[in-house]
Amino acid sequence: MSLLPILRFPDPRLKKIAAPVRNVDESIIRLARDMAETMYQAPGIGLAATQVDVHKQVIVIDTSETRDNLLTLINPEIVESEGRQECEEGCLSVPGIYDKVERAERVVVRYLDLEGREKTIEADELLAVCLQHEIEHLSGKVFVEHLSRLKQLRIKAKLAKQAKITAARD
Ligand code: K2U
Ligand code: ZN
């Protein structure tokens, strides 16, 4: 198992569109396992393959309190959505930034599991938020793009300053 480096906003690779997985083979199983290890270590409650610079439609999620309910979704697609909710979001690609984003309250997502079987999951509350957040990553979108242009400029400036301090320290 390996920890994978996570791309940091505004890295242009975060804007790449992920390709559908044609065959759930050993390489996809290994990728999902490494993504899960990376997510738990971060720690986070979700991670999309785009964030580790692999542009395939794979996401991992675990919103459980006990951190033992891992969901791996391949080629996830939102097939139903209803209602609206606002939730404070964060992102492992935008460290230290949290802000409210409005999303659907309930979603139904169709996907393939690690055996290549077609499944559907119905979700609300935090799981619905996380599913939408991760599926959005696969389309090259980061949650801060829901915020105002001014907020995005301030976030980019803050992250650039942090990166400069880190580089000077190393
Ligand atoms: O994409 C990511 O980096 C995963 C986010 C998942 C998330 C999505 C929506 C709302 C909150 C989180 C990371 O887990 S951010 C770290 C985190 C962990 C727990 C709660 C909030 C933020
Ligand atoms: Zn994210």
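I began with the charged pairs and found that the side chains of Arg-106 and Glu-82 meet in a salt bridge, at 3.6 Å from N to O (a side-chain nitrogen of Lys or Arg within 4 Å of a carboxyl oxygen of Asp or Glu). Arg-106 belongs to strand 6 (residues 106–112) and Glu-82 to strand 3 (residues 71–82), so the pair ties together parts that are 24 residues apart in sequence; strands here are DSSP runs of E with at least two residues, and helices are runs of H or I with at least four, numbered from the N terminus. Searching the whole structure, I noted 15 salt bridges.

I note that this is a predicted model, in which local features need pLDDT of at least 70 and side-chain atom pairs count only at pLDDT 80 or more, while totals for chains, interfaces and linings use all residues. Residues are numbered from 1 along each chain as its sequence is written, chains are lettered from A and ligands numbered from 1 in the order in which they are written, and side-chain values use heavy atoms, leaving out hydrogens and water.

I then turned to ligand 1, which has 14 residues around it, with Ile-45, Gly-46, Leu-92, His-133 and Glu-134 coming nearest (a residue counts if one of its heavy atoms lies within 4 Å). Helix 2 (residues 125–138) gives the most to this shell, with five residues.

For polar contacts (pairs of N or O atoms within 3.5 Å), I recorded an oxygen atom of ligand 1 at 2.9 Å from a side-chain N or O atom of His-133, and one at 3.0 Å from such an atom of Gln-51.

Definitions and conventions: Polar contact = N/O pair within 3.5 Å; in protein donor to acceptor, adjacent residues only side chain to side chain.
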